[in-house]
Amino acid sequence: MKDVLGFAVLLFGGVITASVGAVAHRGFPPLGVVLCVMMVALGAVFARTWLGWAGLGLFAGAWMTMTFVWALEGPGGSVLIVQDALGIGWLAGGAIAIVAASVMPSRLLVGAHGPR
């Protein structure tokens, strides 16, 4: 039951991280992009540390799905993630942050005697 709740939290965390980042990355250019990418990096490291590869995969999948949704054109022609330097920085930076969290050695994340 504890793992199921953990996966639900990570799924919700990926959705929230993508949604907040899609709105806030344009807030204070270029600092907004940097802070939003750091938010994704912290979420990805947390997910991998807490529930291992499955947690990171769930977080990354939720983040990618919601980021894809927010990058689509809305019914009125509006877009949250525009194809400019800030939008590309948000998309590429978030993806790079997730990849960086996946290649970190697990000993660095949980220590030599960690549970996973």
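A crossing is left-handed if the near helix is turned anticlockwise from the far one by less than a right angle, and right-handed if clockwise. The model is predicted, so local features need pLDDT of at least 70 and side-chain atom pairs pLDDT 80 or more, while totals for chains, interfaces and linings use all residues. Residues are numbered from 1 along each chain as its sequence is written, and side-chain values use heavy atoms, without hydrogens and water.

**View 1. Packing of α2 against α3.** α2 passes α3 in a right-handed crossing. Helices are DSSP runs of H or I, at least four residues, numbered from the N terminus. The two pack at about 30°, with axes 7 Å apart. Axes are lines fitted to C-alpha atoms over the stretch in contact, and angles run from 0 to 180 degrees between N-to-C directions. α2 is therefore roughly parallel to α3 (angles under 35 degrees count as roughly parallel, over 145 as roughly antiparallel). Residues of this contact divide into 19 nonpolar, 5 polar and 1 charged. Nonpolar covers Ala, Val, Leu, Ile, Met, Phe, Trp, Tyr, Cys and Pro; charged covers Asp, Glu, Lys and Arg; the others, Gly among them, are polar.

**View 2. Packing of α1 against α2.** α1 and α2 pack at an angle of about 165°, with their axes 4 Å apart. The pair is therefore roughly antiparallel. Their contact holds 23 nonpolar, 9 polar and 1 charged residues. The crossing of α1 and α2 is right-handed.

**View 3. The largest nonpolar core.** This core has 21 residues, of which V37, V40, A44, W63, W90 and I98 touch the most other members. A nonpolar core is a set of buried Ala, Val, Leu, Ile, Met, Phe, Trp, Tyr and Cys residues joined through side-chain atoms within 4.5 Å. α1, α2 and α3 (85-103) each supply at least two residues. α2 gives the most, with 12.

**View 4. Surroundings of W90.** Contact means heavy atoms within 4.5 Å. Beyond residues up to four places away in sequence, W90 touches T17, H25, V37, V40 and W63, among others.

**View 5. H25 in its loop.** H25 lies in the loop between α1 (2-24) and α2 (31-71). H25 is buried, at 0% relative accessible area (buried is under 20%, exposed over 50%, partly exposed in between, with a 1.4 Å probe and protein chains only). Leaving aside neighbours within four places in sequence, its contacts include G32, V33, C36, L80 and W90.

**View 6. T17 on α1.** T17 is found in helix α1. T17 counts as buried, at 9% relative accessibility. Neighbours within four places aside, T17 contacts M39, V40, F59, W63 and W90.

Key:
Angles under 35 degrees count as roughly parallel, over 145 as roughly antiparallel, 65 to 115 as roughly perpendicular and the rest as oblique.
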